[in-house]
Amino acid sequence: MRELERLAAERAREAVKYDKLGMKEEAVANYREAIQLLLKLIRFTEDPVVKKVYEEKAKQYKERLEALLEKSLESSYTSVKSGKEHESYLVVDPPPIKWDDVIGLEEAKKALKESIIYPSLRPEFFPLGWPRGILFFGPPGCGKTMLAAAAANEIDAVFMQVDASMIMSKWLGESEKNIASLFEEARRYEREGKPVIILIDEVDSLTTFRENEVGGEARARNQLLKEMDGLQDKGRTPRIYVIAATNKPWLLDEPFIRRFQKRIYIPLPDYHARLSMFKHYTRRLELDDDVDFGELAKLTEGYSGADISQICMEVQLKVVSEFFEKGGTDKPRKISMNDFIEVVKKVKPSVSGESFKKMMEWARKYGSAF
Ligand SMILES: Nc1ncnc2c1ncn2[C@@H]1O[C@H](COP(=O)(O)OP(=O)(O)OP(=O)(O)O)[C@@H](O)[C@H]1O
Ligand SMILES: [Mg+2]
């Protein structure tokens, strides 16, 4: 595995090098080999995070390869595009989420409005500045990404979403440089007059040692701290907001935590939120009269928003596949309470009691918005 990975990285490096030099044939050959090796790695890798990294890289190289091949068809002398193209893979259209689509989490919404929306609308009302760094911590699947997207949509911000584990990957080169160019790009957008929201997912992987990385963790982390500090001085406060998200806040160290003055706990949905989620996610399904949302909300204590939306999907699938299997001709039957109960039994809550306890301890110590 290691050897395979080393080979793939080497091919990729060569490919990029030739590509930059405009040596198309050599670049194409090396991209091809790198992709082959990556595909092999993808088949053998079990770790989902690492797999994702490989997949993303393979996709990127493929696109580049195709572009190169296409270009060589249309003209033989086009020069290689500048590095700019590579940088902006970070800017994404935020999913079209509005505040109201995010169920519950009122405290978190309020904190976001206070630290991003109001300062962005009227910076002159904030002579003392505002928190630059916001940390979302909490169990997976409870709305962290949704909230960041909602904030970005609200102020029509440029939305840059990065996976920390991706930044740390040697596939993209040296991690501290990746971070520097991320912020450089953000500043460029900001100078053009747009607010920028940077969402750094899985930020804990910046501070923890990952077996598969080359060991740039400390440098990457320090670069991020430096960039965060740089957002503060120079008289003028740019409208760049950094949101970091983590499911394992206890892995973060003190200097890091200090940079994120606003630390917002994104908890599991409570009874009322679960009730609203069931209503929301079944609004387009045909339900029997016996479906009792209150009861469902009670049965799903400890489940995340993602779990609940998955339950609703599964229930839909259940009656639809039953319909097809029976060779039905009209339409699927209505969904009953029993269908829900069966599915709830099968879909286990994705958050364990142990990590919940750890989370609460951390929240008590460091949380700044409840
Ligand atoms: N508060 C919520 N309101 C409505 N839907 C929710 C909520 N929380 C989670 N969901 C559902 O779960 C999905 C995942 O949510 P989201 O991506 O925001 O979670 P996350 O906290 O970022 O998770 P992760 O830590 O895994 O990145 C959403 O697309 C949505 O379907
Ligand atoms: Mg997320």
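Author: A residue is called buried if 20 or more other C-beta atoms lie within 10 Å of its own. Please keep in mind, as we apply this, that we are reading a predicted model.

Reader: With that cut-off in hand, how many residues of strand 1 are buried?

Author: Strand 1 is mostly covered, since five of its five residues are buried. To see how they are arranged, recall that in a regular strand the side chains alternate between the two faces of the sheet. Here Gly133, Leu135 and Phe137 point one way, while Ile134 and Phe136 point the other way, and all of them are buried.

Reader: Which strands pair with strand 1, and in what sense?

Author: Strand 1 pairs with strand 4 in the parallel sense over five bridges, and Phe137 has Thr246 of strand 4 as its bridge partner. Strand 5 (residues 262-265) also runs parallel to strand 1 and is joined to it by four bridges, with Ile264 in strand 5 as the bridge partner of Phe136.

Reader: Where is Gly138 found, and is it buried or exposed?

Author: Gly138 sits in the loop between strand 1 (133-137) and helix 6. Gly138 counts as buried because it has 25 C-beta neighbours inside 10 Å. It also shows how positions separated in the sequence can meet in space: Gly138 and Ile266 are 128 residues apart in sequence, yet their C-alpha atoms are 4.9 Å apart.

Reader: Let us turn to strand 3. How many of its residues are buried, and which lie on each side?

Author: Six of the six residues of strand 3 (residues 196-201) are buried.

Reader: How should I read a helix, and which residues of helix 8 are buried?

Author: The general idea is that an α-helix has 3.6 residues a turn, so residues three or four places apart point the same way. In helix 8, the buried residues are Ser175, Glu176, Asn178, Ile179, Leu182, Phe183 and Ala186. These residues cover an arc of only 160 degrees around the axis, which puts them on the same side of helix 8. On the other side, Glu184 and Arg191 are exposed.

Reader: What span should helix 8 have, and what follows this helix?

Author: Helix 8 (residues 175-191) has 17 residues, which at 1.5 Å a residue should span 24 Å, and this agrees with its end C-alpha atoms being 25 Å apart. The helix is followed by Gly193, whose phi is positive, near 100 degrees.

Terms used:
Residues numbered from 1 in each chain as written. Chains lettered and ligands numbered in written order. Predicted model: local features only at pLDDT ≥ 70, side-chain atom pairs only at ≥ 80, totals over all residues. Helix = DSSP H or I, 4+ residues; strand = E, 2+ residues; numbered from the N terminus. Expected span 1.5 Å × (residues − 1). Buried ≥ 20, exposed ≤ 12 C-beta atoms within 10 Å, placed from the backbone. Arc of directions from axis to C-beta. Pairing = 2+ DSSP bridges.
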